[in-house]
Amino acid sequence: MDFSDAFRLVNLGVGGLMVAGGILHIFPKFHFADIIIAVYVIIFGLATALLEFQIPPQVSRYASFLFSFVGRGVFYIFVGSILLDTWTLNKIFATVIGAIGLAYVALEFIPSIEPPANMREADGGWGAEQV
């Protein structure tokens with residue numbers, strides 16, 4: 001089954017939620033640590049959205065975990081967990097991102113669903129295992 005377009009929309013949505021959650025993470029406290037975390041989450045969100053259009057060679061070398069369901073799922077769970085904050089909207093964004101991360105981890109164990117094309121470009125091809 002090919003769900004490439006659905007995965008692309010989900011990843012773009014998660015990238016948008018990361019950017020919005022990062023912006024909301026700054027307010028209302030304006031603490032230095034919150035600003036640093038927000039900047040990182042915004043960068044993660046922009047990078048997640050950009051990976052749906054173009055994959056720089058450095059990303060496949062240094063962030064190869066983003067090219068598997070488990071790796072991307074754990075990354076989404078991580079970002080969702082650092083976005084948990086006192087704001088209700090931020091909690092909603094974090095929960096949605098984390099839930100999508102859990103779904104991605106579960107998809108790794110469903111053999112009938114293959115990764116989308118942009119997640120297969122980092123390795124030798126889907127199902128190509130090295131011995």
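Predicted model: local features only at pLDDT ≥ 70, side-chain atom pairs only at ≥ 80, totals over all residues.

**Helix α2 and its cover**

Modeller: What covers the buried residues of helix α2 includes α1 (4-26) and α4 (69-83). The buried residues themselves are Asp34, Ala38, Val41, Gly45, Thr48 and Ala49. Looking down the axis of α2, you'd find them within an arc of 90 degrees, so they line one face of the helix. As for length, α2 has 19 residues (32-50), and at 1.5 Å a residue they should span 27 Å; the end C-alpha atoms are 27 Å apart, which agrees.

Now for the two covering helices. The axes of α1 and α4 come within 10 Å and cross at roughly 25 degrees. Angles under 35 degrees count as roughly parallel, and α1 and α4 are therefore roughly parallel to each other. The crossing of α1 past α4 is left-handed. Where they meet, α1 brings residues including Phe7, Asn11, Val14 and Met18, while α4 brings, among them, Phe69, Arg72, Phe75 and Tyr76.

Arg72 deserves a stop of its own. This arginine sits in helix α4 and, at 1% relative accessibility, counts as buried because the cut-off for that is under 20%. Beyond its neighbours within four places in sequence, Arg72 is in contact with Asn11, Leu51, Glu52, Phe65, Leu66, Tyr104 and Met119. Take Met119: it lies 47 residues from Arg72 along the chain, with 9.5 Å separating their C-alpha atoms.

Methods: Residues numbered from 1 in each chain as written. Heavy atoms only, no water. Helix = DSSP H or I, 4+ residues; strand = E, 2+ residues; numbered from the N terminus. Expected span 1.5 Å × (residues − 1). Buried < 20%, exposed > 50% of the residue type's maximum accessible area, 1.4 Å probe, protein only. Arc of directions from axis to C-beta. Contact = heavy atoms within 4.5 Å. Axes fitted to C-alpha atoms, helices over the stretch in contact; angles between N-to-C directions. Parallel < 35°, antiparallel > 145°, perpendicular 65-115°, else oblique. Left-handed = near helix turned anticlockwise from the far one by under 90°.
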